[in-house]
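Hello,

Here is the structure I said I would pass on. Please have a look through it; my notes follow below.

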Amino acid sequence: MNIGDVSTRSGLPAKTIRYYEDIGLIKPQRSENGYRCFVEADLHKLAFLGRARALGFTIEDCRMLMALYEDESRASGDVKQLALEHLSKIETKIADLQAMRDTLTELVHCCAGDNRPDCPILKDLSGKV
C-alpha cells in the first residue's frame, strides 16, 4: 500500500504518518524508487496509534504502549500502570476544567451585563477583586 491508501484506511493524515515514521513509531519498507511501501502490520500499528492518540496518550506514552504491544512477554500490569497514570492526568484536567467552569459561571452570574462600566469579570481577571 502507498501512503495515500494507508491514510484512507487508517483515518490518519499522510502528514501524521510521515511524522510517525520520522520519530520512529513506524518503519515502512521502501520500494526501489524510494516510495514508502506499507503492509498490513503497518496499517494495524497506525490504527493502534490513532486510537491511543484519540484517548489522549502522549507520543512518548504511545512509544511505550507500542513497545509493550509488540513484546509478547510483557506484563499486563505495566500496561495498566501506564493507563492508570494517564487516567489520573485526565481526572486532574477534568477537575481543573470544572473549577474553571464554576469560577466563570459565578463571574458571569455576578456581572449585570448592562451599560454600567463596573464588571466583576474584568475585576477578577485583573486581580483587583
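L43 is buried, at 9% relative accessibility. For that label, buried means under 20% relative accessible area, exposed means over 50%, and partly exposed is in between, with a 1.4 Å probe and protein chains only. L43 sits in helix α3. Helices here are DSSP runs of H or I with at least four residues, strands are runs of E with at least two, and both are numbered from the N terminus. Leaving aside neighbours within four places in sequence, L43 is in contact with M1, V6, R9 and S10. Contact means heavy atoms within 4.5 Å. S76 is 33 residues from L43 along the chain, and their C-alpha atoms are separated by 24 Å.

Two points on the source. This is a predicted model, in which local features need pLDDT of at least 70 and side-chain atom pairs count only at pLDDT 80 or more, while totals for chains, interfaces and linings use all residues. Residues are numbered from 1 along each chain as its sequence is written, and side-chain values use heavy atoms, with hydrogens and water left out.

Confidence next. pLDDT is the predictor's confidence in each residue, from 0 to 100. The protein chain has a mean pLDDT of 94, and 99% of its residues reach 70 or more. Among its elements, helix α2 (residues 14-22) has the highest mean, 97. Helix α6 (residues 120-126) has the lowest, 91.

Back to S10, one of the contacts of L43. S10 lies in helix α1. It is buried, with a relative accessible area of 18%. Its side chain reaches the backbone oxygen of V6 at 2.8 Å. Not counting residues up to four places away in sequence, S10 touches I17, L43 and L46.

Now the core. A nonpolar core is a set of buried Ala, Val, Leu, Ile, Met, Phe, Trp, Tyr and Cys residues joined through side-chain atoms within 4.5 Å. The largest one has 18 residues, of which V6, I17, Y20, I26, F38, L46 and L49 touch the most other members. Helices α1, α2, α3 and α4 each supply at least two residues of this core. What does L49 touch, not counting residues up to four places away in sequence? The list is Y20, L25, I26, C62 and M66.

Aromatics. A search of the whole structure finds two aromatic pairs. Y19 and Y20 form a tilted one, 6.1 Å centre to centre with 45° between the planes. Rings of Phe, Tyr and Trp (its six-membered ring) pair if their centres lie within 6.5 Å; planes under 30 degrees apart count as stacked, over 60 as edge-to-face and the rest as tilted. Y20 is buried at 4% relative accessibility, whereas Y19 is partly exposed at 41%. The rings of F48 and Y69 also make a tilted pair, with centres 4.9 Å apart and planes at 35°. F48 lies in helix α3 (residues 40-54) and Y69 in helix α4 (residues 59-70), so this pair ties together parts that are 21 residues apart in sequence. F48 is partly exposed, with a relative accessible area of 22%. Y69 is partly exposed too, at 38%.

One distance from F48: I90 is 42 residues away in sequence and 20 Å away in space, C-alpha to C-alpha. I90 lies in helix α5 (residues 76-110) and is partly exposed at 29%.

Last, charges. The structure holds eight salt bridges. Each is a side-chain nitrogen of Lys or Arg within 4 Å of a carboxyl oxygen of Asp or Glu. One of them joins E40 and R9, 3.1 Å from N to O. This pair links distant parts of the chain, with E40 in helix α3 and R9 in helix α1 (residues 3-10), 31 residues apart. E40 is partly exposed, at 48%. R116 and D114 meet at 2.8 Å, N to O. R116 is exposed at 53%, while D114 is partly exposed at 40%. Salt bridges that share partners join E21, R30 and R36 into one network.

Best wishes

Methods: Polar contact = N/O pair within 3.5 Å; in protein donor to acceptor, adjacent residues only side chain to side chain.
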